[in-house]
Amino acid sequence: MKLKYTFFLSKADLKGNRYSILGAVVIALLCISLTVISLLSFTLSKEINGYKNDFRARTIEAYPYNRVFDEKTLDEIKTINNVESVDIEDELRVQFFHIENIYDENGTYDEVQRLIDEKDTLISAWSLIGKEKRQVIAGKELDETPEFSCIIPHLFYPFDEDVYETKGLNYIDGESLIGKTITLNEGSEGFNIDFFDGTDGRRINIPSFPVKLKIVGVYYASVTADGDPSMIYISEDTGKELFKMAVERAGESTDELTDFMGKPELHNIHITVKDYDNLSEVYNELIEMNISVLEGTELGINPSTPVISTIFNVLSVIMTASTFIISLIIIMQSSKNMIDNKKAEIGMMKAVGYKNKDIFSYITLEQIIITLRGFVIGVGISAIVVSIINLINYNSSYANRLYIISWIDYFVFTSVALAVVVFEPLICETLFLRTIKKIQPREAMN
């Protein structure tokens with residue numbers, strides 16, 4: 001039977017199908033569940049998994065207060081289960097800077113320079129350590145570039161404001177700054193170098209001096225991992241060179257710092273765990289070894305984020321499962337009623353030459369039309385909801401960017417929803433294929 005005739009019969013039957021509207025509504029709810037609730041759950045889970053895999057989220061910092069980090073102590077730490085690496089800190093791991101200017105061979109970058117001159121700037125420069133890597137989405141990675149290079153976030157906001165609370169921030173496009181040089185200084189407070197001499201903590205203040213870094217790449221700054229809009233990364237070698245430069249400018253404290261640099265057992269160490277879920281286990285063993293550790297890891301997370309993610313995960317499973325089952329029941333009931341009520345018509349069709357596959361095709365197509373109507377309604381509503389969610393969170397604080405949904409992910413989930421709503425009628429009608437085969441031409445007489 002030609003497709004146009006199959007379509008004609010399906011459309012004709014739809015007019016008398018009392019389940020068509022209800023079926024379309026339930027399918028629409030199923031699509032909304034798959035493309036909004038499930039998508040929000042996926043978005044949050046993706047961010048949290050990114051956080052758990054972040055180097056700094058798996059790194060515990062320890063300092064030589066109760067025990068110095070001699071070879072024996074380091075070997076004991078390395079034998080702890082699930083410890084991936086132990087790195088001795090001999091660079092400026094993190095330092096806060098102000099920006100003097102951003103320029104290239106053509107001079108200062110006027111648009112950004114105006115903002116720098118108008119506002120107080122404050123950025124944190126993190127030196128990579130050990131096996132730590134930072135992938136870029138544009139430009140070059142730090143291990144491909146010479147010293148005194150840096151990578152910056154794709155959304156750059158180097159100003160002294162609470163980005164996690166302030167709404168409507170005008171972020172600077174990080175990619176527009178690739179190839180430019182940024183000049184940093186510590187301001188009036190200068191460098192602060194903190195260290196332990198084995199028994200007590202010490203702080204040495206070093207006068208400020210300019211630091212020039214070439215911006216070579218841009219990394220994707222997620223809300224839960226990697227950093228915030230004011231965080232830049234430099235290589236481990238650059239961090240070591242900055243430390244040496246700071247020591248050279250230490251004045252009367254030079255001898256003390258030189259002595260400190262020659263004693264690696266007095267340096268802080270960074271203990272990286274293989275899996276985020278093993279952090280507490282490793283932490284407890286370090287405490288039992290009488291090793292002084294900082295509470296928490298270098299990278300924290302808002303405690304409410306995993307809770308919200310779990311809520312959306314549960315809602316996603318409940319709504320998707322319930323709407324799928326309900327829609328399946330409705331389609332099966334619709335098909336059963338139609339076959340029971342149209343035995344005479346099906347018998348007549350067989351009497352005039354229609355085959356089982358022709359009848360199966362037009363009945364299945366009718367159900368697919370119902371589900372596709374629900375699909376169009378559902379994804380239409382979903383697209384509006386996603387647009388509203390993104391619009392609100394794009395203009396909200398940086399913390400709320402956690403809930404921004406990728407349109408690529410939206411179309412992937414829409415494709416999954418389409419596959420589901422087309423697959424459902426095929427399952428149902430296949431179950432009734434045997435019933436269709438049993439109907440004989442003599443049923444036309446009933």
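Good morning, colleagues. At 33% relative accessibility, Glu 161 counts as partly exposed, a class that lies between buried, under 20% relative accessible area, and exposed, over 50%, with a 1.4 Å probe and protein chains only. The model on the screen is predicted, so local features need pLDDT of at least 70 and side-chain atom pairs count only at pLDDT 80 or more, while totals for chains, interfaces and linings use all residues. Residues are numbered from 1 along each chain as its sequence is written, and side-chain values use heavy atoms, with hydrogens and water left out.

Which residue meets the side chain of Glu 161 in a salt bridge? The partner is Lys 119, at 3.7 Å from N to O. A salt bridge here is a side-chain nitrogen of Lys or Arg within 4 Å of a carboxyl oxygen of Asp or Glu. Lys 119 lies in the loop between helix 4 (110–118) and strand 5 (123–127), and Glu 161 in the loop between strand 8 (155–156) and strand 9 (172–173), so the pair ties together parts that are 42 residues apart in sequence. Helices (H or I, at least four residues) and strands (E, at least two) are DSSP runs, numbered from the N terminus. Lys 119 is also partly exposed, with a relative accessible area of 31%.

By this rule, the count comes to 12 salt bridges. One of them joins Glu 84 to Arg 58, with the closest N and O atoms 3.6 Å apart. Because Glu 84 lies in strand 2 (residues 83–88) and Arg 58 in the loop between helix 2 and strand 1 (59–63), this pair ties together parts that are 26 residues apart in sequence.

Glu 241 is partly exposed at 25%, as is Lys 244 at 40%.

There is also a network of salt bridges, which links Asp 54, Arg 93, Glu 132, Arg 134 and Glu 298.

Finally, I turn to the surface. Ile 21, Val 25 and Leu 29 form a nonpolar patch there, with about 290 Å² of accessible area together. Leu 29 is located in helix 2 (residues 20–53), and is partly exposed, with a relative accessible area of 42%. Patches are made of residues with over 30% relative accessible area and no salt bridge; like charges are joined within 9 Å, and nonpolar side chains (Val, Leu, Ile, Met, Phe, Trp, Tyr) within 5 Å. Accessible areas come from the Shrake-Rupley method with a 1.4 Å probe, and for residues only the protein chains shown count as cover. Thank you.
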